[in-house]
Amino acid sequence: MLYIKFDIQDSSKFMAFEKLYAHMVKVRQPGFEFEEEEVPEFDWDNMTPEEVDKGVKELHSLLDEDEQELKRYKELIPDYANAFLKRYLQVDNDKAGVLGMLETLSILNYLEYGFEVDMDNLDKIDESSGQVEFSTGNYPYGGMERFLMVLKAFGLMSTECYNGFTVYEFDWASDFEHEAIELPEKTKAYLAKMKAKSTK
């Protein structure tokens, strides 16, 4: 089982992240499909041209997947988290040059589909720290980097993780860059613990 431990900088932001986490669990359920909003009935024959325009726009919005994705994004990602993620993507785009024209919606797409993991558990260890656990049957499972940035956007500062190979702690050099300090003894102990669990 992979995990990320983090410091909680603001309990209200942690609660907002719990909502996003619940969404990530929900979209990973077998056979999950997004609920389609009910399409309103319009009396097209008795509507003014302005009402017809408004009705067409409303229908278009309900049927447009991008519009629906944007709506979900706004419901799940508060303004403060969006501002952080925009800054992160700007830095990422600057590094990648012309090829890196990522948009903030790409983060939601990653959380829903690109991060190929099962979300197993989200725990508050105490008032100032927590842990998220997830598992995957494949590698590279979409990578952990953007998920670390999402945690940070919600004021959850990653301190330690097991990435499938090694346990390491984070030494944050800036908002978006960190050095991974490998912890071989912790890795050995964690793998032994996992092996013992699997043989029970």
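Start by selecting helix 3 (residues 65-76) and helix 5 (residues 105-114), whose axes come within 10 Å and cross at roughly 85°. Helices here are DSSP runs of H or I with at least four residues, strands are E runs of at least two, and both are numbered from the N terminus. The axes are lines fitted to C-alpha atoms over the stretch in contact, with angles from 0 to 180 degrees between N-to-C directions. Helix 3 is therefore roughly perpendicular to helix 5, a label that covers 65 to 115 degrees.

A word on the model: it is predicted, so local features need pLDDT of at least 70 and side-chain atom pairs count only at pLDDT 80 or more, while totals for chains, interfaces and linings use all residues. Residues are numbered from 1 along each chain as its sequence is written, and side-chain values use heavy atoms, leaving out hydrogens and water.

Now show the side chains where the helices meet: D66, E69, L70, R72, Y73 and L76 in helix 3 face L105, L108, N109 and E112 in helix 5, with contact meaning heavy atoms within 4.5 Å.

Next, move to strand 2 (residues 118-126) and strand 3 (residues 129-135), an antiparallel pair with seven bridges; pairing requires at least two DSSP bridges. A hairpin of two residues joins strand 2 to strand 3. Pick D118 and you will find its bridge partner, S135, in strand 3.

Finish at H178, in strand 6 (residues 178-182). At 22% relative accessibility H178 is partly exposed, the class between buried (under 20%) and exposed (over 50%), using a 1.4 Å probe and protein chains only. Leaving aside residues up to four places away in sequence, H178 touches E145, L148, Y168, F170, D171, W172 and A173.

Notes. Parallel < 35°, antiparallel > 145°, perpendicular 65-115°, else oblique.
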